[in-house]
Amino acid sequence: MDNMLEERIGDLIQKALSSQSDQGAFKFCFENSIVTDSMMIVLIRTLELSEERLLEQLVHRLLDKQSRGGYWKLSGDDEGNLSTTVQAYHSLLFSGMISRHDERMKKAERYIQKWGGMERTDTLTKIFLALNGHIKWPRLCHFPMLFMLLPESFPVSFYDLSSYARVHFAPIILAQDYRYSIKTRWTPDLSHLQVEERILGGVITSAWDAAVQFPSHLIYHARKRAEQYMLQRIEADGTLFNYATATFFMIYAMLAIGYERHSNPILNAMNGLKGMFCLNESHLQNSPSTIWDSALLSYVLQEAGMAQSSPSILKVTYYLLQHQQTKPGDWADKRPNVSPGGWGFSEGNTTHPDVDDTTAALRAITVPTLMNPGYQTKWQNGFNWVIAMQNKDGGWPAFEPDRKALLLKDLPIDGAQSSFPDDSTADLTGRTLEFLCNYAGLKMGHPSIQMAINWLVQHQERDGSWYGRWGVCYIYGTWAAITGLKASGVANDHPAIEKGIAFLKRTQSKDGGWGESCQSYEKKRFISLSHSTLSQTAWAVDALTVCQHQGDVLKRGVEYLLKDSFTKEERTYPTGAGLPGSFYIYYHSYEIIWPLLALVHYRKLSEAT
């Protein structure tokens with residue numbers, strides 16, 4: 001087994017190094033829901049752009065993703081998803097490259113009609129259909145325009161939302177207020193997918209009619225505030241916060257307020273989106289994961305024994321230092337006296353840092369570079385920023401502290417519970433705790449550390465697991481929580497650790513690995529997959545290793561990671577979650593990063609014993 005272990009570690013290291021660019025970054029595809037590909041097709045046609053080759057590639061990929069039953073899946077093990085299927089069907093017709101009478105489209109049509117038609121799609125799909133003239137806007141009215149004018153001190157305001165939600169809803173609210181929709185010669189007729197109007201539509205329409213009776217000057221100022229919020233957050237590449245979905249809505253909002261289709265801001269945004277393609281330009285990433293992948297791989301390679309002074313590590317370190325954010329973002333509203341110092345998810349993002357990317361980057365920055373006083377300052381700014389982002393409850397959020405959305409998260413909008421607040425999560429809290437204790441030298445007696453320990457202990461599930469927000473799902477959260485608690489000095493015989501390990505042992509699959517379905521998010525409990533996955537097995541193995549757990553469970557998990565080959569499902573099942581229940585992610589980097597980390601840590605444990 002020792003020879004196999006060394007061979008696999010060496011192989012993974014070589015795969016990682018082969019992905020490094022001359023600039024030092026590690027380049028992998030961030031593969032997400034087909035919603036980005038579908039929206040891109042529609043916008044290319046709506047804006048009358050000459051992109052036939054790109055359209056052909058997008059159409060081909062969508063058709064390739066269609067299941068035999070005519071539907072499109074969300075996560076891989078579901079039996080089709082209505083919203084995803086409507087998005088794909090709509091965009092394929094919009095492309096003009098496939099007819100409604102094609103048998104593949106007939107199958108999709110039957111599936112959509114069987115499951116309730118356009119009426120039953122999720123909120124964002126309905127918004128996109130409204131923008132393209134298929135559904136009337138008033139039925140979607142949840143945020144009147146004057147919502148933009150409510151002060152932050154009010155019981156509910158725009159700034160109660162997480163920054164991720166705000167950057168999407170600013171353009172949506174603006175387009176909604178104008179009741180904007182656009183039809184072109186490419187717009188397909190979807191009336192055959194529409195079912196009978198429900199009573200809810202009339203109720204919301206009445207609410208809308210009441211809301212628009214406010215004085216015109218207030219409506220004007222609210223529109224201007226939404227417009228400025230959006231325009232002030234456009235990145236150098238023309239995109240909004242470097243998110244494809246937010247950029248799509250921004251383009252529609254620009255059209256709503258009078259921008260011409262071929263105006264520079266709109267064309268710049270489309271060019272920025274074109275720069276976010278991967279898989280031979282057949283898939284549009286919602287947000288390229290270059291910073292995340294580069295930071296994690298640098299850290300893991302160093303864990304594997306690569307010298308901090310090696311050319312590969314130094315290159316990625318300088319790359320990361322160059323992309324530390326130096327401008328205050330929305331987070332500064334809550335922490336006005338804190339200097340910028342975080343990192344974002346993608347290199348095109350300059351004002352929207354997040355805690356996970358920041359701790360990943362700080363782990364990766366090497367000791368030799370810190371001998372430079374300027375680099376020491378950069379590292380210290382990053383450390384200070386992470387500490388400042390801690391929520392009052394002791395946990396860490398993704399983007400900004402204390403954005404609770406207490407009243408807004410209960411609105412009847414899909415994903416509101418998971419995307420409107422920026423709550424503390426076990427995965428962010430555990431990983432931040434691990435960084436602060438293992439790499440920043442903080443100890444259990446430090447107030448921030450003790451608060452985080454308390455938060456994790458209090459938020460453990462009854463079955464011993466922890467819920468992971470950004471990875472799938474209970475395995476991810478449990479790994480992060482256990483590694484964080486262990487780094488802080490919590491003993492193996494602590495009840496939280498014992499219960500967490502028991503959960504992992506109980507959920508091991510027959511093949512020795514671990515596999516968890518994205519349906520865990522919807523069921524709010526652990527749902528096993530019919531197969532294991534590389535990422536989830538690596539997380540479980542790493543958690544067991546950190547606890548120095550000896551026995552057959554760990555051995556079988558390691559043997560799974562050392563297998564000669566893996567099926568496509570084992571490698572590519574989504575193990576990331578952008579919007580649980582709607583938007584899942586397959587990180588191409590993960591089949592290297594997490595198995596390599598787990599095996600390296602296992603090797604260290606074996607050598608120590």
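Buried means under 20% relative accessible area, exposed means over 50%, and partly exposed lies in between, with a 1.4 Å probe and protein chains only. By that rule Q548 is exposed, because its relative accessible area is 55%.

This is a predicted model, in which local features need pLDDT of at least 70 and side-chain atom pairs count only at pLDDT 80 or more, while totals for chains, interfaces and linings use all residues. Residues are numbered from 1 along each chain as its sequence is written, and side-chain values use heavy atoms, with hydrogens and water left out.

**Core and aromatic residues**

In soluble globular proteins, nonpolar side chains tend to be buried together. A nonpolar core is here a set of buried Ala, Val, Leu, Ile, Met, Phe, Trp, Tyr and Cys residues joined through side-chain atoms within 4.5 Å. The largest such core has 199 residues, and M40, L131, M270, L273, F420, L485 and W594 have the most contacts inside it. Contact means heavy atoms within 4.5 Å. Apart from neighbours within four places in sequence, M40 is in contact with L54, L58, F248, M270, L273, K274, F277 and L284.

Rings of Phe, Tyr and Trp (its six-membered ring) pair if their centres lie within 6.5 Å; planes under 30 degrees apart count as stacked, over 60 as edge-to-face and the rest as tilted. The whole structure holds 31 aromatic pairs. One of them joins F345 and Y587, and it is edge-to-face because the ring centres are 6.4 Å apart and the planes stand at 75 degrees. Helices (H or I, at least four residues) and strands (E, at least two) are DSSP runs, numbered from the N terminus. F345 sits in the loop between α13 (311-322) and α14 (355-364), whereas Y587 is in strand β5 (residues 583-587), 242 residues apart. F345 is buried at 16% relative accessibility, and Y587 is buried at 8%.

W479 and W594 also make an edge-to-face pair, because their ring centres are 5.1 Å apart and their planes are at 70 degrees. W479 belongs to helix α20 (residues 474-487) and W594 to helix α26 (residues 590-608), so this pair ties together parts 115 residues apart in sequence. Both tryptophans, W479 and W594, are buried. F345, Y587, W479 and W594 are among the members of one aromatic cluster, together with F30, Y476, W539 and Y590.

A charge sits over a ring if NZ of Lys or CZ of Arg is within 6 Å of the ring centre and within 35 degrees of the ring normal.

| Charged residue | Ring | Distance from ring centre |
|---|---|---|
| R223 | Y178 | 4.1 Å |
| R469 | W470 | 3.8 Å |

**Cavities and pockets**

On a 1 Å grid over the protein atoms alone, a cavity is a set of points where a 1.4 Å probe fits but cannot get out, and a pocket is an open set with protein on both sides within 12 Å along at least five of seven lines; lining residues have an atom within 4 Å of a point. Grid points are joined across faces, edges and corners, and a volume is the space filled by probe spheres set on the points.

There are 5 cavities of 30 Å³ or more. The largest cavity has a volume of about 400 Å³. It is lined by 24 residues, of which F345, D357, F399, W470 and Y587 are the closest to its centre. α14, β4 (576-579) and β5 each give two or more residues to this lining, and β5 gives the most, with 3 residues.

Helix α14 is largely enclosed by the rest of the structure, because 10 of its 10 residues are buried. These buried residues pack against α12 (290-303), α13, α16 (373-388), α18 (426-438) and α20.

The largest pocket has a volume of about 910 Å³. Among its 31 lining residues, E31, K65, G76, K568 and T572 are the closest to the centre. The largest share of the lining, 4 residues, comes from α3.

**Backbone and single residues**

Most residues other than glycine have a negative phi, and most peptide bonds are trans. A cis peptide bond joins V472 and C473, with omega about -20 degrees. L279 has a positive phi near 55 degrees and is partly exposed at 31% relative accessibility. D402 has a positive phi near 60 degrees and is buried at 13%.
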